[in-house]
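Please open the model in your viewer and keep the selection panel at hand. The tour below moves from one selection to the next and says what is found at each stop.

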Amino acid sequence: MPITASLALTLPELILSLGALALLMVAAFGGDGLTRAIGWGAVALFAAAGFSLTGPAGNGGPGFDGLYIADSFSSFAKILIYIAAAASILIAPGFFARTGQLRAEYPILILLSAVGMGMMVSANDLLTLYVGLELQSLSAYVLASFMRRDSRSAEAGLKYFVLGALASGILLYGISLLYGFTGTTLFAGIADSLATGISTGEMFGMVFIFAGLAFKISAVPFHMWTPDVYEGAPTPVTAFFASAPKVAGMALLMRVAVDAMGSGTDAWRQIVIFSALASTILGGVAAIGQSNIKRLLAYSSINNVGFALFGLAAGTPEGVAGTLTYMAVYVAMTIGSFLCVLQMRDADGQPVETIVSLSGLSRTRPALAAAFAIFMFSLAGIPPLFGFWPKFLVFDALVKAGFWPLAMIGIATSVIGAFYYLKIVKTIYFDEPAAEYARSDSKLEGGLIALSALFVSPLGYLAIPALGVASMAAARSIF
């Protein structure tokens, strides 16, 4: 394939990369006063990158001699990533302006991180996978410690960097093992090698690669960084961490498992099943005693990653499609939840993160209380809210694949998570009112909360036909 044709496949990454460089120059000469304008420019770049997926970049096949692939799977994941990243940019200026930390670098770092995530989901080779993952991570380390004068933010960035470097080392060691025993880094070549039998060295390589990727999606037992980083990072950054990188990491894990290691499904399925069960159980149990809403949502993300992994454990197109649908609904629930957290401010406009401060919210801020309840019920997977549908899909895929005992255990563990979600709703609606939050003057935040709430409400079921077709087409493209 000519180099021009290969470059056409990477048009979304080219748009974001060149746009980020241009906005960086604007920030350098214009200063922090142009932060909001740069943010809107970044959102426009995400829209342009999403629109470019209608061309060869959306389904043009492999390029760069097989290192990169543009297919329906990568397009589906990129659209979710761009939506989550754009929302994380839009909700940031109000938060950072109130804390005196409004800086023009924030939307640029999000753009560069999205470039890495785009490479991750389009990786067709272990080296492309690693380069994309590191590009995403380098921006994320800076974002976690974005509020330099805040000790919690600095601590979050340091913890994320140290543990992220450890996970990258584990992943790179797995890549070197797999290359050494298969003789190739291309996914197709690895699949051919594993089809003839899995050696001990290849098995160790698979384990290390899955361990490194499990860190990126904060799946148990590589979840230890998540609560501390989510609590310490600025709330808009936490919303970003909980959405876009989760989609990219989950999509990358599915592509590696199905595309590169599909011939060794029985080997990696055991790893995925263990991680799924451990994530749902620990994510549910550990959240029960939390008093900080961001730490609770961190354990909630671990819990939801576990449920998403059940779809991958099925090892079928239906299971992968269910996981993709799960991530689409999860992004809306997560962004909406953190938008509600952004509304938690005292009379002086300072962020409040304690769950007890939500007491009696239904009597002081009924609209915010209703939104909170919708997102909590949806995260718990309680019908008729839309959060029930993706859980039904992944469990249905498990049953069809013959893993009905695993589906039964998964359904039982969902009860644990429902407890702490219902606890928040009980605090909001039945406890005596705490000090009233400051009123929000941001129509943008209110509008995004309303849109997210409508999507995860029963109205979201209207999107099932389109979402089902898109997710199934994406899933079949990697089988």
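Begin with helix 2, which gives the most to the nonpolar patch, with five residues. This is a predicted model, and the patch to display on it is made by Ile-3, Leu-7, Leu-11, Leu-14, Leu-18, Leu-21 and Leu-24, with a surface of about 620 Å². The elements that give two or more residues to this patch are helix 1 (3–9) and helix 2 (11–30).

Next, colour the protein chain by pLDDT: the mean is 89, and 100% of the residues reach 70 or more. Among the elements of the chain, helix 5 (residues 72–90) has the highest mean pLDDT, at 94, whereas helix 6 (residues 92–99) has the lowest, at 82.

Then select residues 123–417, the range that an unreviewed UniProt entry lists for "domain: NADH:quinone oxidoreductase/Mrp antiporter transmembrane". This span is 76% helix and 0% strand, and its end C-alpha atoms lie 34 Å apart.

For the last stop, go to helix 8 (residues 126–144) and centre the view on Ser-137. Is this residue, Ser-137, buried or exposed? Ser-137 has a relative accessible area of 0%, and therefore it is buried.

Technical notes:
Residues are numbered from 1 along each chain as its sequence is written. This is a predicted model: local features need pLDDT of at least 70, side-chain atom pairs count only at pLDDT 80 or more; totals for chains, interfaces and linings use all residues. Side-chain values use heavy atoms; hydrogens and water are left out. Helices (H or I, at least four residues) and strands (E, at least two) are DSSP runs, numbered from the N terminus. Buried means under 20% relative accessible area, exposed over 50%, partly exposed in between (1.4 Å probe, protein chains only). UniProt positions are given in the numbering used here, feature names are shortened, and annotations may be inferred rather than shown by experiment. pLDDT is the predictor's confidence in each residue, from 0 to 100. Patches are made of residues with over 30% relative accessible area and no salt bridge: like charges are joined within 9 Å, nonpolar side chains (Val, Leu, Ile, Met, Phe, Trp, Tyr) within 5 Å. Accessible areas come from the Shrake-Rupley method with a 1.4 Å probe; for residues, only the protein chains shown count as cover. A salt bridge is a side-chain nitrogen of Lys or Arg within 4 Å of a carboxyl oxygen of Asp or Glu.
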